[in-house]
Each structure stands twice: as C-alpha cells, then as structure tokens.
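Please look over the fold, the ligand shell and the helix packing in turn.

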Amino acid sequence: MKAFINLAAAALLTVIANPAAAEFEAGQYHDSNCTRCHDTGVYTRENRRVQSYPMLETQVARCDAMLETKLFPDDLALLVDHLNDNYYKYSK
Ligand code: HEC
C-alpha cells in the first residue's frame, strides 16, 4: 500500500512539474482554436496587417487574449513560430 501511495504521489508530481506545455502542438492548437473568426487566408492576403516578426508576436498575443484558453508564454512563442514558418516567413 505504501508503495502504491508513493507511486501515486510521484505520478502527481510529474503532472504538476509538466503542465500541458510539454504536450503543446502548435498546428493542432491553431486549427482547432484560431480559425473561429478567420481562416488562414488572412495570413497570406495581399494587404495583410502583420509586417514583421515582432508584429506577428503582438497580433497572436492579441488574438489569443480573445480566447478563453490563454496560452503559456512558451506555447504562445511556438504558435508564433508555427505561423511564421508556414505563412509569414520573417526573420526574427
Ligand atoms: C475572436 C475572434 C478571433 C480569434 C478567436 C482569433 N482571431 Fe486572429 N484576428 C481576428 C481579427 C478580427 C483580426 C483582424 C482581421 C482583419 O484585420 O481583417 C485577426 C487577425 C489576425 C492576424 C493578422 C493577419 C494579418 O493581416 O497579417 C493573425 C496573425 C491572427 N489573427 C492570428 C490568430 C491566431 C494565432 C489565433 C489563435 C490563437 C487567432 N488569430 C484567433 C480575430 C480573431
């Protein structure tokens, strides 16, 4: 029994030490959360608003703030990179 409790405690600690962050998959997150108000067309349209990497960071943070699932900064950065790698292709 004691061994079981120790095991359970260890499992719990592992969960606490690794918040969802480790599981974050930017493309998947994007497709299920970020296409509610616009599709990916806004990233490639001719008159797109985002003109640089810092602007992309700002815009993604702004859009993320409208969702109830606020991302951790690390995940937000992965999401910014995901959009940059696939659409914007700005240098950092
Ligand atoms: C509540 C609605 C809403 C959600 C959800 C949303 N956005 Fe947006 N997003 C907007 C609006 C409105 C604009 C401005 C569109 C325009 O200028 O025509 C925008 C614009 C953008 C742009 C700039 C496009 C350009 O012109 O270069 C990016 C990048 C962007 N969103 C990323 C995201 C990401 C990433 C998510 C998911 C975290 C997200 N958005 C979720 C409403 C939303």
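The model is a predicted one. Its secondary structure consists of five helices and zero strands.

**Overall fold**

- Read from the N terminus, the elements run α-α-α-α-α.
- The protein has 92 residues, and 9% of them count as buried.
- Among contacts with a separation of 6 or more, 69% join residues 24 or more positions apart.

**Ligand shell**

- The ligand is surrounded by 20 residues.
- Cys34, Cys37, Arg48, Val50 and Cys63 are the closest of these.
- Four helices each supply at least two shell residues: helix 2 (26–33), helix 3 (41–44), helix 4 (53–65) and helix 5 (73–88).
- Helix 4 gives the largest share, five residues.
- The shell comprises 12 nonpolar, four polar and four charged residues.

**Helix 4 against helix 5**

- These two helices pack at an angle of about 125°, and their axes are 10 Å apart.
- Helix 4 and helix 5 are therefore oblique to each other.
- Their crossing is right-handed.
- On the helix 4 side, the contact is made by Tyr53, Leu56, Glu57, Val60, Ala61 and Asp64.
- On the helix 5 side, the contact is made by Leu76, Leu79, Val80, Leu83, Asn84 and Tyr88.
- By class, this contact of helix 4 with helix 5 holds nine nonpolar, one polar and two charged residues.

**Glu57 in helix 4**

- Glu57 sits in helix 4.
- Glu57 has 19 C-beta neighbours inside 10 Å, so Glu57 counts as partly exposed.

**Helix 2 against helix 5**

- Helix 2 and helix 5 pack at an angle of about 85°, with axes 9 Å apart.
- The two are therefore roughly perpendicular to each other.
- Helix 2 makes the contact through Ala26, Gly27, Tyr29 and His30.
- Helix 5 makes the contact through Leu78, Leu79 and His82.
- By class, the contact of helix 2 with helix 5 has four nonpolar, three polar and no charged residues.
- Leu79 is listed in the contact of helix 5 with helix 4, and Leu79 is also listed in the contact of helix 5 with helix 2.

- Glu23 lies in the loop between helix 1 (2–17) and helix 2.
- Glu23 and Asp75 are 52 residues apart along the chain, yet their C-alpha atoms are separated by 9.6 Å.
- Asp74 belongs to helix 5.
- Asp74 has 12 other C-beta atoms within 10 Å, so Asp74 is exposed.
- Asp74 and Phe24 are 50 residues apart along the chain, and 9.4 Å separates their C-alpha atoms.

**After helix 5**

- Lys89 lies in the segment after helix 5.
- The phi angle of Lys89 is near 55°, a positive value in a residue other than glycine.
- Lys89 is exposed, because 9 other C-beta atoms lie within 10 Å.
- Tyr90 is also found in the segment after helix 5.
- Tyr90 has 14 other C-beta atoms within 10 Å, so Tyr90 is partly exposed.
- Leaving aside neighbours within four places in sequence, Tyr90 is in contact with Ser52, Tyr53, Leu56 and Asn84.
- Tyr90 and Leu56 are 34 residues apart along the chain, and their C-alpha atoms are separated by 9.2 Å.
- Among the contacts of Tyr90 are Tyr53, Leu56 and Asn84, and these residues are also listed in the contact of helix 4 with helix 5.

Definitions and conventions
Residues numbered from 1 in each chain as written. Predicted model: local features only at pLDDT ≥ 70, side-chain atom pairs only at ≥ 80, totals over all residues. Near = placed C-beta within 6 Å. Nonpolar A, V, L, I, M, F, W, Y, C, P; charged D, E, K, R; others polar. Buried ≥ 20, exposed ≤ 12 C-beta atoms within 10 Å, placed from the backbone. Contact = placed C-beta atoms within 7 Å. Axes fitted to C-alpha atoms, helices over the stretch in contact; angles between N-to-C directions. Parallel < 35°, antiparallel > 145°, perpendicular 65-115°, else oblique. Left-handed = near helix turned anticlockwise from the far one by under 90°.
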